[in-house]
Amino acid sequence: MQQAFEVRGRPMSIVNSVRAQIPPIHREGYPFVGGFALVTLILFWIWSPLGWIGTVLTIWCAYFFRNPARTTPVRDGLVVSPADGRVSMVVDIIPPPELGLGVKPLPRVSIFMSVFNCHVNRSPVAGRIERIVYSPGKFINAELDKASEDNERNSMVLSTEHGQIGVIQIAGLIARRIVSFVREGQPLVAGERFGLIRFGSRLDVYLPEGTKPLVAEGQTAIAGETILADLKGGDAGRTYRTD
């Protein structure tokens with residue numbers, strides 16, 4: 001007998017409850033998941049142990065292209081993380097020239113996404129897209145600092161009431177495709193999906209001069225939820241410790 005329980009007056013089966021915890025797959029992932037599944041069927045026909053390996057890889061591919069809902073804090077001046085991953089660098093550095101943000105060092109927060117992180121990217125602030133520039137390049141390890149200048153990347157500048165924010169999608173060692181869903185002149189709200197990078201990469205966020213980042217290196221960031229900075233200066237800063 002199928003077990004069920006009440007949720008807001010409606011019966012929900014255990015199967016439906018489990019299904020509700022599984023995030024949907026982004027449409028960009030359908031061809032890849034389908035390709036993995038097709039190869040898996042062929043591998044099962046050749047030799048069943050190979051088929052089970054293909055099954056694991058197909059599940060991983062579906063997991064990679066997951067597109068979960070997020071709860072974004074909405075308040076003027078907040079800058080949220082554009083990506084899931086680990087905060088790999090928090091530095092002051094001169095931004096790449098294609099951003100047009102000047103030649104003075106600006107605060108930069110870098111977030112490294114491994115192949116196990118969700119790779120759907122979200123807008124860090126509410127604003128208008130002032131500039132989008134694609135730059136071809138190499139595919140060295142995205143954790144290296146020189147990846148900001150050497151690797152293939154897609155740069156975007158968002159204009160806000162508190163200044164300009166630079167966001168750069170950087171391809172990594174495995175990544176070979178940066179996907180953008182937006183265009184110049186388009187308005188975005190904080191947490192809105194704007195792009196995706198396939199199979200391991202990095203996001204750089206350049207903040208206005210004098211902004212104090214509210215995250216530390218090594219911290220785990222969640223796209224659309226983790227607060228990177230407060231452009232209104234409402235947060236005087238934080239200290240961190242590692243267990």
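This is a predicted model: local features need pLDDT of at least 70, side-chain atom pairs count only at pLDDT 80 or more; totals for chains, interfaces and linings use all residues.
The patch covers about 1,000 Å² and is made by Leu 38, Leu 41, Ile 42, Trp 45, Ile 46, Trp 47, Leu 50, Ile 53 and Leu 57. One of these residues, Ile 42, lies in helix 2.

Two packed helices are described by the angle between their axes and the distance between the axes. For helix 2 (residues 30-46) and helix 3 (residues 48-64), the angle is about 170 degrees and the axes are 7 Å apart. Angles over 145 degrees count as roughly antiparallel, and helix 2 is therefore roughly antiparallel to helix 3. On the side of helix 2, the contact is made by Phe 32, Val 33, Phe 36, Ala 37, Thr 40, Leu 43 and Phe 44. Helix 3 contributes residues including Leu 50, Trp 52, Leu 57, Cys 61 and Ala 62 to this contact. The residues of the contact comprise 11 nonpolar and six polar ones, with no charged residue.

Side chains of opposite charge can pair when their charged atoms come close. The structure holds five salt bridges. One of them joins the side chains of Glu 98 and Arg 153, with an N to O distance of 2.6 Å. This pair links distant parts of the chain, 55 residues apart. Glu 98 is in the loop between strand 4 (85-93) and strand 5 (106-113), whereas Arg 153 belongs to strand 8 (residues 153-160).

Notes:
Residues are numbered from 1 along each chain as its sequence is written. Side-chain values use heavy atoms; hydrogens and water are left out. Axes are lines fitted to C-alpha atoms, for helices over the stretch in contact, and angles run from 0 to 180 degrees between N-to-C directions. Helices (H or I, at least four residues) and strands (E, at least two) are DSSP runs, numbered from the N terminus. Angles under 35 degrees count as roughly parallel, over 145 as roughly antiparallel, 65 to 115 as roughly perpendicular and the rest as oblique. Contact means heavy atoms within 4.5 Å. Ala, Val, Leu, Ile, Met, Phe, Trp, Tyr, Cys and Pro count as nonpolar, Asp, Glu, Lys and Arg as charged, and the others, Gly among them, as polar. Patches are made of residues with over 30% relative accessible area and no salt bridge: like charges are joined within 9 Å, nonpolar side chains (Val, Leu, Ile, Met, Phe, Trp, Tyr) within 5 Å. Accessible areas come from the Shrake-Rupley method with a 1.4 Å probe; for residues, only the protein chains shown count as cover. A salt bridge is a side-chain nitrogen of Lys or Arg within 4 Å of a carboxyl oxygen of Asp or Glu.
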